[in-house]
Amino acid sequence: VGCGSKAPKDGDNQPAPKADTSWQDIKDKGEFVVGLDDAFPPMGFRDKNNEIIGFDIELAKEAAKRMGVDVKFQAISWDAKTDELDSGNIDVIWNGLTITEERKNEMLFTDPYIKDYQIIIVPANSPIKTKADLAGKKIGIQAASSAIEAVEADKETFDVIKDNLLQFDTNDMALRDLRGGGLQAVIVDEVVGLYYVQNHPNEFKVLNENFGMEYFGVGLRKGDKAFQAELNKTLAAMKNDGTASRISEKWLGKDIINK
Amino acid sequence: MEYIITLMPSMLKGWTVTLQLFFIVLIFALPLGVVMGIARLSHFKPLAWFMELYVWLFRGTPLLLQLLFWYFGLMVIGLRVERETAVYLAFVLNYAAYLAEIFRSGIQSIEKGQYEAADVLGLSQRQTMTKIILPQVFKRVIPPVGNEVINLVKDTALVYVIAISELSRAARIHAVRDDTLIPFAIAALFYLLMTAVVQQFFKWLESRLDYYR
Amino acid sequence: MEYIITLMPSMLKGWTVTLQLFFIVLIFALPLGVVMGIARLSHFKPLAWFMELYVWLFRGTPLLLQLLFWYFGLMVIGLRVERETAVYLAFVLNYAAYLAEIFRSGIQSIEKGQYEAADVLGLSQRQTMTKIILPQVFKRVIPPVGNEVINLVKDTALVYVIAISELSRAARIHAVRDDTLIPFAIAALFYLLMTAVVQQFFKWLESRLDYYR
Amino acid sequence: MYILQAQDIYKKFNSTEVLKGISLQVEKGEVIAIIGPSGSGKSTFLRCLNRLETIDRGRIEIQGGIMVENDAGGRAVYSSEKDIARMRQKMGMVFQSFNLFPHMSVLENLMLAPLLVNKADPDQARETALALLNKVGLENNANSYPFELSGGMQQRVAIARALALNPDIMCFDEPTSALDPELTGEVLQVMKDLAMEHMTMVVVTHEIGFAREVAQRVIFMDEGLIVEEGKAEEVLLNPCQERTRNFLSKVLMAR
Amino acid sequence: MYILQAQDIYKKFNSTEVLKGISLQVEKGEVIAIIGPSGSGKSTFLRCLNRLETIDRGRIEIQGGIMVENDAGGRAVYSSEKDIARMRQKMGMVFQSFNLFPHMSVLENLMLAPLLVNKADPDQARETALALLNKVGLENNANSYPFELSGGMQQRVAIARALALNPDIMCFDEPTSALDPELTGEVLQVMKDLAMEHMTMVVVTHEIGFAREVAQRVIFMDEGLIVEEGKAEEVLLNPCQERTRNFLSKVLMAR
Ligand SMILES: Nc1ncnc2c1ncn2[C@@H]1O[C@H](COP(=O)(O)OP(=O)(O)OP(=O)(O)O)[C@@H](O)[C@H]1O
Ligand SMILES: Nc1ncnc2c1ncn2[C@@H]1O[C@H](COP(=O)(O)OP(=O)(O)OP(=O)(O)O)[C@@H](O)[C@H]1O
Ligand SMILES: N[C@@H](CCC(=O)O)C(=O)O
Ligand SMILES: [Mg+2]
Ligand SMILES: [Mg+2]
């Protein structure tokens, strides 16, 4: 301890909670960094030029514009997302991030903006009809994703399939593997799954059963309340004036914005 | 400590995957490497050239890329192979290339005098190879082959990328979920153990062949 | 063909990432390797032992695991480093260990006679090292260092696993999306090109030092 | 009748001519020493006799069989592999660097060729081998490995190995030049003994003393040619050629 | 006055005693040849004089300065590094395997120690070096690298390099035993010239001819002991000891 510094004594009047400067910091920086899984079409993925594009990307860009700052995109490893956030490498996670109870302990979320399901995709000619049929089948799933959380929550199913879950870093690999015959099913976010199924017509079907409904929200560092408020305000405005719906129609073919 | 015990089952499972990959690759790559090493020195030039091209291709590109190629690549062109088959294909073909190079240079390291002595004694080329050259080559290549085998121990971690839950993926999953470095430390210990065992084995092999020099 | 052209921008972008990683790691790992190699032979035993432990640890575990360790590890324990920093840390520390081993054995390969000749001529230990031993070591280690540098070219592909969009990740994303092998082939060509250039460079270096033997 | 005849042997390595027309006749039981400066082509010549190198031009006849001779165009043409194999069988060769097989015991070194090439009976081969080891004074080293022996002992094993095929001619290429003076003695003694038994021998050597004592004829080669040839005493003690004198004075200076 | 005195030198490697009490006095200008069978300790003794090996017991005095002597407990204690360095400066050493610095030209080999150790003036050092090269007959090879030279030339460079520090004593450890007989002559000639100039020399050698011609005194060592010592002609032509006779007959057999 340097000689000039006064160490606060325990039990003394608690230091007032540090003023939340998160929004100010972003403004000072002039930009915020979005962390994302860059193989998660159509929410965030790479085009032919290796540029990151997608629904969430466009949404984030629009929001940034309205907030008067720049936005940068940083591909991250999905299982490191919380740590990337905490370490300050990124400022938000904005890429089909599911709001879950567990994650609420680790980060802040904005208001939900899209409703989503964890669906089960199987080949078109597959005999699999229900969750129960998944027993003994090889099932692809993204590592550290909300899909895993959703499956784990369904105790009954989880117990029969847990030994056959193959964890991929990204969903595109799991889906490709399914198509190639290396897997018999993939559990994935509906938005992504449907996009893939539509791009490969007649090859797949989606089971009627799923692992439950969820919402997407933007994730922020714990404590970044001011930034969260600002984002919520901007997102609400985008929903209200129809911008969000327009973007939804462009990327998802229909308006599924959660108003 | 208790945490470590709860980790063990899944780490051990991952380890089994690693070990299995290790042994199966070795069993196929070693003999293939010998044959390819000899083929590279063949007097039948097209064969020698083909082997040279082969070695160049497989040693000049990352095993990771080869692994992706055999798994997704074959899939993409509609060839259906099991995940395990693709993995073994990638590893065996890659390691055979490295081993071929070792055996080739092992054969070339045998002094000309050995060939000449066999020649003046009237041994045939085949006899010279099997009775004089190869036995000496096997002894000489023990250290570099040992190095490759240690590399294999470590390269098994690569199958990670095609969603096989071997040791390092098991470690990663736990580390991320539980926010701790312990799984990495345990995985590191497993790898160190394996490399140490391999090293000891090759030392022993070397000492076994120490009756001549 | 046209497809190849559309691919190029993103492959080139990935390649830049690969190249940058390659050069930065080299710039740091080479001198560090020399220093560590000498340190391993230090008469100050604790230093020598520490280096031995270091080399053993870093050569005995997969670079992939080390990469995960530095990437997740530093984050998990709350140390704020750029993701690139973690990558460089992992690669530099790993390659320094390999290079240290090469320099150590290079130093030990110099004949006792060279030390004795320097000794009877009255050269100090430091003079012997800098004027007699190291210049010869640098020449001798060119081939093994060349091999390591080629390994580095290929190992850059590992950063793939922490979502850095280098050459092989770019290739994989395209291959999986567009259902074609072409991106893998292009990536392979890039790697072969790089390894060929490295090989040529080290050949040239060797020939440059061929004025003595 | 000559047991070995070489006529006008020419041999190029790439573009440098190493043998420029060498001829040599060897009678049965004769011991011939070949001396000459380094690089003069002595080894190459010896190796040509054995077809360890192929010649470009010339004629080699062994025990009446023709190994190689010129065709009409003056280019050397070799006989069939089978004939050559038969002729080479009768020629033993001992190298400067011993070239024992390191992974085999001394006994295995000696028995290898008789078993593999001559399909000898194993017991018989073992007996012959042991007898030869006795002859070169190594009866106690049958089960040693080459690395366990001194250079002199290794060279004696190499001689025994060559003798195991019961050759009619023995060629030696500087058999002692890799040895200490002390060990040199042992090897030369074995060679002297061989000479006593009237083995035909062609010996490339720098050991002038040995040449004088044991060889009937000495050949002095320089730059791919035979410069001087004759009785050992004459060539060694009283050479006609300036070049020979020059060489001998250099070699003898140390003595 | 002796220029070099060694008394009762004992030296063990691990548990085997290699020197068992060797004493030697060398007068200025004397040439001493040490002969003896392989493993008898000749090299070890020479290396002890130079402190390339440390002795266990005994006393070494160089030009009146004490390098090492026994303490009260009879264990060898060396003088200060500085004193020893000064004494070693005056002793040149030539090895069997030349040990030239391969990455330096001949001239650089010769100039290295004068420049680094004696802080000589570069021009002066170059001049001395060139003069020495002239002396050993290599004035045209100043800019060659060692690998470009024959073994004999390399050994002559090694001698010149040792001479460049202007030593009072020169030690040679089998300087020609890695050389062909032809090349041996050149090196021995250089050594003879040195002897003519009254350089004090201690030479371990197998070249009996050279020893007879050049050495004043010959020492025969066996199993770590001096078995016989005396005038060159006496020891070499008329040795008293059975062991000496035995050794000489073996070494001379080849001649
Ligand atoms: N395989 C080869 N390729 C090219 N040149 C060779 C080859 N073998 C020998 N030479 C050259 O042929 C010449 C004669 O060599 P050879 O070995 O016959 O000489 P030598 O008289 O045996 O000499 P030494 O006494 O040194 O053994 C030399 O100039 C040598 O460089
Ligand atoms: N560094 C060493 N460590 C252990 N033993 C050694 C060492 N150097 C020499 N010796 C042993 O000491 C003995 C004497 O060796 P030395 O080299 O002095 O003999 P020498 O008379 O020079 O023989 P040569 O004529 O073969 O050179 C030998 O038995 C040798 O094995
Ligand atoms: N919705 C999933 C996957 C999102 C993604 O990979 O980007 C999650 O929150 O874990
Ligand atoms: Mg020769
Ligand atoms: Mg010696």
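Predicted model: local features only at pLDDT ≥ 70, side-chain atom pairs only at ≥ 80, totals over all residues.

Student: How far apart are the closest C-alpha atoms of chain A and chain D?

Tutor: Chains B and E have no contact, and their closest C-alpha atoms are 20 Å apart. Chains A and D are likewise joined by no contact. For chains A and D, the closest C-alpha atoms lie at a separation of 50 Å.

Student: How are helix 7 and helix 8 of chain C oriented, roughly parallel or roughly antiparallel?

Tutor: Helix 7 covers residues 167-178 of chain C and helix 8 covers residues 182-208 of chain C. Because angles over 145 degrees count as roughly antiparallel, helix 7 of chain C is placed relative to helix 8 of chain C as roughly antiparallel.

Student: What classes of residue make the contact of helix 7 with helix 8 of chain C?

Tutor: From helix 7 of chain C, the contributors include C:Leu167, C:Ala171, C:Arg172 and C:His174. From helix 8 of chain C, they include C:Phe184, C:Phe190, C:Tyr191 and C:Met194. Sorted by class, this contact has one charged, two polar and nine nonpolar residues.

Student: What is the handedness of the crossing between helix 6 and helix 8 of chain C?

Tutor: Helix 6 spans residues 125-155 of chain C, and its axis comes within 10 Å of that of helix 8 of chain C, crossing at roughly 165 degrees. That angle makes helix 6 of chain C roughly antiparallel to helix 8 of chain C. The crossing of helix 6 of chain C past helix 8 of chain C is right-handed.

Student: How many nonpolar residues does the contact of helix 6 with helix 8 of chain C have?

Tutor: On helix 6 of chain C, the residues in contact include C:Ile142, C:Val145, C:Val149 and C:Ile150. They meet a set on helix 8 of chain C that includes C:Tyr191, C:Val198, C:Phe202 and C:Leu205. Three polar residues and one charged residue take part, and the nonpolar residues number eleven.

Student: What distance separates the side chain of E:Ser43 from an oxygen atom of ligand 2?

Tutor: E:Lys42, E:Ser43 and E:Glu174 are among the residues surrounding ligand 2. A polar side-chain atom of E:Glu174 is 3.0 Å from a ligand oxygen atom, and the side chain of E:Lys42 has an N or O atom at 2.8 Å from one. For an N or O atom in the side chain of E:Ser43, the distance is 2.6 Å.

Student: Which residue has a polar side-chain atom 2.5 Å from a nitrogen atom of ligand 3?

Tutor: Of the 13 residues around ligand 3, those that come nearest include A:Asp37, A:Arg103 and A:Asp189. The side chain of A:Asp37 has an N or O atom 2.6 Å from an oxygen atom of ligand 3, while A:Thr98 has a backbone N or O atom 3.0 Å from a ligand oxygen. The contact to the nitrogen atom comes from A:Asp189.

Technical notes:
Residues numbered from 1 in each chain as written. Chains lettered and ligands numbered in written order. Heavy atoms only, no water. Axes fitted to C-alpha atoms, helices over the stretch in contact; angles between N-to-C directions. Helix = DSSP H or I, 4+ residues; strand = E, 2+ residues; numbered from the N terminus. Parallel < 35°, antiparallel > 145°, perpendicular 65-115°, else oblique. Contact = heavy atoms within 4.5 Å. Nonpolar A, V, L, I, M, F, W, Y, C, P; charged D, E, K, R; others polar. Near = heavy atom within 4 Å. Polar contact = N/O pair within 3.5 Å; in protein donor to acceptor, adjacent residues only side chain to side chain. Left-handed = near helix turned anticlockwise from the far one by under 90°.
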